[in-house]
Amino acid sequence: MSKYRTHTCGELNLDNKGKNALISGWINKKRDHGNLLFIDLRDNYGLTQCVIDKSSAKFKELEKLPLETVIKIKGKVIVRSKETINTNILTGEVEVSIEDFEILGRTKELPMPVFSDQEYSEEIRLKYRFLDLRRKKIHQNIILRSKVISFIRSEMQKLGFLEFQTPILTSSSPEGARDFLVPSRLNPGKFYALPQAPQQFKQLIMVSGFDKYFQIAPCFRDEDARADRSPGEFYQLDIEMSFVEQEEVFQVVEELLVKVFKKFSDKKILSEKFPRISYSDAMLKYGSDKPDLRNPIIISDITEIFKRDDVKFEIFKKLVKSGSIVRGLVAKDTKDKTRSFFDGIDKWAKDQGSSGLAYFTLEKNQKISGKGPVGKFFSEDALKEIMKEMDAKIGDTIFLSCGQKENVENILALAREKIGNELKLIDKKIFSFCWVVNYPMFELDANSKKIKFSHNPFSMPQGNVNNLDLSNPLNLKAYQYDIVCNGVELSSGAIRNHIPELMYKLFDIAGYSKKDVDEKFSGMINALSYGAPPHGGIAPGIDRIIMLLADEKNIREITMFPMNQNAQDLMMNAPSNIEENQLKELNLSIKKKD
RNA sequence: GGGGGUGUAGCUCAGUUGGUUAGAGCACGUGCCUGUCACGCACGGGGCCGAGGGUUCGAGUCCCUUCACUCCCGCCA
């Protein structure tokens, strides 16, 4: 028998009636009636109410113990009278009558209460993470995370995938995010980099003939944090398969994600066969490559309307003449909304850094007219055309943005979300997945005006690989795909380019010479030259999946020991200063900041 | 690197137009209370109002600087 317990705190019920029990845990809550004391004892599994009255010699001592003291209680399981049953806890039909107890771990005064639904500052939560993690909601989130990862692992194994570890100390790569660097003692002046993803390794695993690989892989990127993005490290379900085309990757991932989301959430999956949307369609209709498809609002391009003579909206017309575009969206059935609602949207848009949103509401008395600040600029014919183009009806409001494509996409994507929320168009009880496909291989860097890889440089371009027209690289599409769920980018993947000659050509377009490629990607390019199978994969973000399942907006709520926004661990005091001799060994010196 | 928000008791927060001794709930301490489950009641300890400077007869409150936390933009193949 265990020295500490015969049962956990979530275990006792009517079956244990009259039995002796030994339970250990934290004092979650006391209710002291002076002559009668209730103690809720908590462990990982649940709560058990324990009771003692003043006739017991132990009463006085127990009464004095502060919350969160760890104790062992010895007592008898007794059945609660009907009116004192607590249906909120697993053990609510019984309680333990305390005969003896022992203090296992004392506590100082708590810097933050454990028993409370209150919210606390991140600072205190992160510094005392071990207390924070005792609290119910986050404790359950972390358990959920563990279960999801175990489930994924076993499903992947069932699907015939093999799990492999890849190095944590590897080489810095020029593409992508900023690397975390680790100085090498044995190779003075040289550095390892922590992997941003096991990208090259997983491809090397395919070249090595292992066929189907997965890993719950830590990834390290030294970029600034966001609510949904930890600084430093995050986890991906890294997957790679040989001898597959895009569709075969889709099949595996759809099946897996549907299983995971069905098992761990009550929310409905809108379509188990994820709809596919081309990147260009997504940018047009949703202004974003991570559209929230729960939101029914769709963006349309009506630039042409502003070239008509019966449209007098001179500001937009002038901009259109000089190359701007006009796109807009329809807020359905908003004729009864107040002026302040519309102005609020316009003001909000300006706060987002745009030039604002023009709007008018469609009315019909004798004839169709536009009501609102810019409504008068449109003839009835023009309005009819707009209604046709945008699928708008009388009583709807049209919001318009005019400007450079990128800015228009941006503000309308935000407006779509904002208006969708304000009009309560977004069903919070569903998951709406989609594939975004046909990403461009290259894009123009806005600052340098140079052509760069738009996603992953190792992706396979679409078209006949033996006779690819590279004269207009910006038109080239790649077998590159993302999964988006409820507006969250869940994963990114691609069919890889396994043909070295083609890879040199593509890198050349992005400004890398053959020599550059040979140096920077030596492991990969070398391997591809010795008989590489066609292969492809994907890497769903574990943290984001858990966030969706746990319905949390902040990644720290599903991360056991996260860093704060400045990439500091307040509990462990990382990063920290190091000893002079450590620096010396590494041949490093710190330049003082002035 | 840039913009917004917050900072008052151990914790969560009030604090009016600049005006006496800065409040509440929880936690902690003392006492009362035998069926509570957010138990109740009474009393008590606890404050460099993030830090520094300024305006003023007088600053938690106004101004400047700075620090911390957070959200967003940039960044994140």
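Analyst: Start with Gln 49. An N or O atom in the side chain of Gln 49 sits 2.8 Å from a base oxygen of RNA strand B. This is a predicted model, and the distance comes from its coordinates. Thr 84 also reaches a base, but through its backbone: a polar backbone atom of Thr 84 is 2.4 Å from a base nitrogen of RNA strand B. Asp 224 uses its side chain. One of the polar atoms there lies 2.6 Å from a base nitrogen of RNA strand B.

Now the whole surface. RNA strand B is surrounded by 49 residues. Thr 84 returns here as one of the closest, along with Lys 29, Asp 32, Asn 35 and His 455. By class, the surface holds 18 polar, 17 charged and 14 nonpolar residues. Of the RNA atoms within 4 Å of the protein, 53% belong to sugar or phosphate, and the rest belong to bases.

Next, a helix pair. Helix α6 covers residues 246–264, and helix α15 covers residues 542–550. Their axes come within 10 Å and cross at roughly 35°. The crossing is right-handed. From α6, the residues in contact are Leu 257, Val 260, Phe 261 and Phe 264. They meet Ile 545, Leu 548 and Leu 549 of α15. By class, this contact has seven nonpolar residues, with no polar and no charged ones.

One serine is also worth a look. Ser 242 belongs to strand β10, which covers residues 232–242. Is Ser 242 buried or exposed? Ser 242 counts as buried because its relative accessibility is 7%, and the cut-off for buried is under 20%. Leaving aside residues up to four places away in sequence, Ser 242 touches Met 206, Asp 211, Pro 533, Pro 534 and His 535.

Last, the chain as a whole. Chain A has 594 residues, and 47% of them count as buried. There are 16 helices and 24 strands in chain A. Its C-alpha trace spans about 95 × 75 × 55 Å along the principal axes. Among contacts in chain A between residues at least 6 apart in sequence, 67% join residues at least 24 apart.

Note on methods
Residues are numbered from 1 along each chain as its sequence is written. Chains are lettered from A and ligands numbered from 1 in the order in which they are written. This is a predicted model: local features need pLDDT of at least 70, side-chain atom pairs count only at pLDDT 80 or more; totals for chains, interfaces and linings use all residues. Side-chain values use heavy atoms; hydrogens and water are left out. A residue is near a molecule or strand if one of its heavy atoms lies within 4 Å of it. A polar contact is a pair of N or O atoms within 3.5 Å; within protein, one must be able to donate a hydrogen and the other to accept it, and residues adjacent in sequence count only if both atoms are side-chain atoms. Ala, Val, Leu, Ile, Met, Phe, Trp, Tyr, Cys and Pro count as nonpolar, Asp, Glu, Lys and Arg as charged, and the others, Gly among them, as polar. Axes are lines fitted to C-alpha atoms, for helices over the stretch in contact, and angles run from 0 to 180 degrees between N-to-C directions. Helices (H or I, at least four residues) and strands (E, at least two) are DSSP runs, numbered from the N terminus. A crossing is left-handed if the near helix is turned anticlockwise from the far one by less than a right angle, and right-handed if clockwise. Contact means heavy atoms within 4.5 Å. Buried means under 20% relative accessible area, exposed over 50%, partly exposed in between (1.4 Å probe, protein chains only).
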